[in-house]
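Open the model in your viewer and get ready to select residues.

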Amino acid sequence: MPLAQINGHPILLAPSILSADFARLGEDARAAEAAGADWLQIDVMDGMFVPNISVGLPVVAALRRAVGLTLDCHLMIVRPERYVADFVKAGANHITVHVEATTHLHRAIQQIKELGATAGVALNPATPLGAIEEILSYVDLVLIMGVDPGFGGQEYIPTTTEKIARLRRLLDERGHGQVQIQIDGGVKAGNLAKIVGAGATNIVAGSAIYNARQTVAEAIGALREALG
Ligand code: DX5
């Protein structure tokens with residue numbers, strides 16, 4: 001159930017399991033589904049593209065069995081094109097690759113779509129929007145990192161909001177208003193309205209949902225409330 005409907009766009013919620021309790025991952029995923037999440041983001045890290053190693057194909061397959069949500073695989077790995085077929089086979093419905101991680105972005109996006117999944121491109125905080133202008137006609141989603149990728153619980157980089165607003169304008173000007181803008185990293189109930197106001201339509205949240213202070217349902221309720 002979308003967090004809200006704004007300017008005709010449903011605002012989707014994609015909890016990131018990176019902050020969940022890996023000892024009870026299935027339960028934490030089902031808690032998000034029960035609380036009305038739309039997608040579930042799985043952060044795949046290879047220790048090369050980012051300074052951390054997280055999860056891979058067996059965890060995607062296990063989560064596929066655990067929930068009916070849209071499985072969103074955010075690949076923070078070098079040369080992601082080597083593995084997209086395996087992630088779709090494991091149960092991924094959506095795959096996002098980083099523009100900084102592949103030499104042949106157009107080919108990688110085509111490959112994902114030919115496999116029947118939806119495709120996204122991600123930008124690190126210092127990567128300009130110009131790096132993805134040529135691929136906007138081919139993607140279903142653009143992921144804007146609000147933090148340097150690799151870890152949950154980091155502070156949101158404030159200039160990200162203006163970057164989202166510029167992307168929204170660029171997409172609308174180019175007639176790509178249907179392309180989702182996903183924000184990932186540092187999202188909290190306190191900054192969500194500003195981020196959505198700038199044009200984000202797909203919200204990744206990790207530590208704001210999986211934390212010791214609230215239940216998953218309470219945390220998602222607080223995000224819903226933040227959008228009024
Ligand atoms: C970081 C990941 C994010 C992270 C978000 O590289 O891509 O998905 O888990 O966590 P929070 O919401 O805590 O910043």
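Select His 74 and the ligand. A polar side-chain atom of His 74 lies 3.4 Å from an oxygen atom of the ligand. That is a polar contact, a pair of N or O atoms within 3.5 Å. This is a predicted model, where local features need pLDDT of at least 70, side-chain atom pairs count only at pLDDT 80 or more, and totals for chains, interfaces and linings use all residues. Residues are numbered from 1 along each chain as its sequence is written, and side-chain values use heavy atoms, leaving out hydrogens and water.

Next, select the shell: 20 residues surround the ligand, each with a heavy atom within 4 Å of it. Gly 150, Gly 153, Asp 184, Gly 206 and Ser 207 are the closest. Colour the shell by class: eight residues are nonpolar, ten polar and two charged. Gly counts as polar here.

Which strand supplies the largest share of the shell? Select β3 (39-45): three shell residues come from it. β4 (70-76) and β9 (202-205) each supply at least two. Strands are DSSP runs (E, at least two residues), numbered from the N terminus.

Finally, look at the space itself. The ligand sits in the largest cavity, with more than half of its atoms within 2 Å of the grid points. A cavity is a set of points on a 1 Å grid, over the protein atoms alone, where a 1.4 Å probe fits but cannot get out. This one holds about 230 Å³ of space, the volume filled by probe spheres set on the points. Select its lining: 25 residues, each with an atom within 4 Å of a point. Ser 16, Phe 151, Gly 152, Asp 184 and Gly 185 lie nearest the centre.

How values were computed:
A polar contact is a pair of N or O atoms within 3.5 Å; within protein, one must be able to donate a hydrogen and the other to accept it, and residues adjacent in sequence count only if both atoms are side-chain atoms. On a 1 Å grid over the protein atoms alone, a cavity is a set of points where a 1.4 Å probe fits but cannot get out, and a pocket is an open set with protein on both sides within 12 Å along at least five of seven lines; lining residues have an atom within 4 Å of a point. Helices (H or I, at least four residues) and strands (E, at least two) are DSSP runs, numbered from the N terminus.
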